[in-house]
Structures are given as C-alpha cells and as structure tokens.
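Reader: I would like to go through a structure with you. Could you show it first?

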Amino acid sequence: MILSVKHLAIFMQCSQKTAQRRSKEIKDLYGVKHITIYHLAEYLGITPKHLASYWLHEATKPNGEKIVFPQLKTKVDKLGQGQ
C-alpha cells in the first residue's frame, strides 16, 4: 500500500505542507520513490499494527477513508523494496 501526502497528514496530524516535507525526508532516508505503511511505521518508531489500529479509528469518522493493510511475508516485502 502506497501512502499519499494526504495519508501522511492524517497519520502525523499535520498540515499538507508539513506532510510534504516529511514525505521527502522518508523517501530520502529509505531511498524509495513511494512510501509504504512499513516505511512510515519504521520512521515513526511504531509498529504497522499500531498504524492499522489508528487508521481504523480514523475510518470510523464521517468521510473517513478505509485503508487495507496487506499481509506481507518478508522484511524485503515489508519495506517495499521487492516491488
């Protein structure tokens, strides 16, 4: 699952402009073109399951967006490098 700047703004509870800066930091840190939930979780120092539970909470709000977290098998898949 590739995250957009809008997703980052929701997860990080910040403005779109701040989310754009964080997006660039994460992309530079991991050397990737697209940010996955695993990159964001590692960047924030939390587990992907924590992000999933937070997103489920956000999805219950009016006009909330549902996000599907895939079940990945390897560390390479989790960091999105196998794509």
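Author: What follows is a conversation about this model, from its overall make-up to individual residues. Please keep in mind that the model is predicted.

Reader: Understood. How many helices and strands does the protein have?

Author: The secondary structure amounts to five helices and two strands. Read from the N terminus, the order of the elements is β-α-α-β-α-α-α.

Reader: And what share of the residues is buried?

Author: Of the 83 residues in the protein, 34% are buried. The exposed surface comes to about 5600 Å², and carbon and sulfur atoms supply 55% of that area.

Reader: Which residues have the most contacts inside the largest nonpolar core?

Author: They are Leu3, Leu8, Phe11, Met12, Ile35, Leu40 and Leu51, in a core of 15 residues. Two or more core residues come from each of helix H1 (5-12), helix H2 (16-30), helix H3 (37-44) and helix H4 (48-59). As a general background, nonpolar side chains in soluble globular proteins tend to be buried together.

Reader: Let us take Ile35 from that list. Where is Ile35 found?

Author: Ile35 belongs to strand E2, which covers residues 35-36. With a relative accessible area of 1%, Ile35 is buried, because buried here means under 20%.

Reader: Which residues does Ile35 touch?

Author: Setting aside residues up to four places away in sequence, Ile35 touches Met1, Ile2, Leu3, Leu8, Ser23, Ile26, Lys27 and Leu40. Ile35 also has Ser4 at 7.7 Å, C-alpha to C-alpha, although the two are 31 residues apart in sequence.

Reader: What does the protein as a whole show for contacts between residues at least 24 apart?

Author: Among contacts between residues at least 6 apart in sequence, 51% join residues at least 24 apart.

Reader: You mentioned Ser23. Is Ser23 buried or exposed?

Author: Ser23 is buried, at a relative accessible area of 7%. This serine lies in helix H2. Beyond its neighbours within four places in sequence, Ser23 is in contact with Leu8 and Ile35.

Reader: Turning to the helices, at what angle do the axes of H2 and H3 cross?

Author: The axes cross at roughly 95 degrees and come within 11 Å. H2 and H3 are therefore roughly perpendicular to each other, since angles from 65 to 115 degrees fall into that class.

Reader: Which residues meet there?

Author: From H2, Arg22, Glu25, Ile26, Leu29 and Tyr30 meet His39, Leu40, Glu42 and Tyr43 of H3. By class, this contact has five nonpolar, one polar and three charged residues.

Reader: Which residues of H3 are buried?

Author: In H3, the buried residues are Ile37, Tyr38, His39, Leu40 and Ala41. After H3 comes Gly45, with a positive phi near 75 degrees.

Reader: Which residue other than glycine has a positive phi, near 50 degrees?

Author: That is Gln13. Gln13 sits in the loop between H1 and H2. At 62% relative accessibility, Gln13 counts as exposed, because the cut-off for that class is over 50%.

Reader: One last point, on Met12. Which residues does Met12 touch?

Author: Not counting residues up to four places away in sequence, Met12 touches Arg22, Leu40, Tyr43 and Leu44. Arg22, Leu40 and Tyr43 also take part in the meeting of H2 with H3, and Met12 and Leu40 are among the residues with the most contacts inside the largest nonpolar core.

Conventions
Residues are numbered from 1 along each chain as its sequence is written. This is a predicted model: local features need pLDDT of at least 70, side-chain atom pairs count only at pLDDT 80 or more; totals for chains, interfaces and linings use all residues. Side-chain values use heavy atoms; hydrogens and water are left out. A nonpolar core is a set of buried Ala, Val, Leu, Ile, Met, Phe, Trp, Tyr and Cys residues joined through side-chain atoms within 4.5 Å. Buried means under 20% relative accessible area, exposed over 50%, partly exposed in between (1.4 Å probe, protein chains only). Helices (H or I, at least four residues) and strands (E, at least two) are DSSP runs, numbered from the N terminus. Contact means heavy atoms within 4.5 Å. Axes are lines fitted to C-alpha atoms, for helices over the stretch in contact, and angles run from 0 to 180 degrees between N-to-C directions. Angles under 35 degrees count as roughly parallel, over 145 as roughly antiparallel, 65 to 115 as roughly perpendicular and the rest as oblique. Ala, Val, Leu, Ile, Met, Phe, Trp, Tyr, Cys and Pro count as nonpolar, Asp, Glu, Lys and Arg as charged, and the others, Gly among them, as polar. Accessible areas come from the Shrake-Rupley method with a 1.4 Å probe; for residues, only the protein chains shown count as cover.
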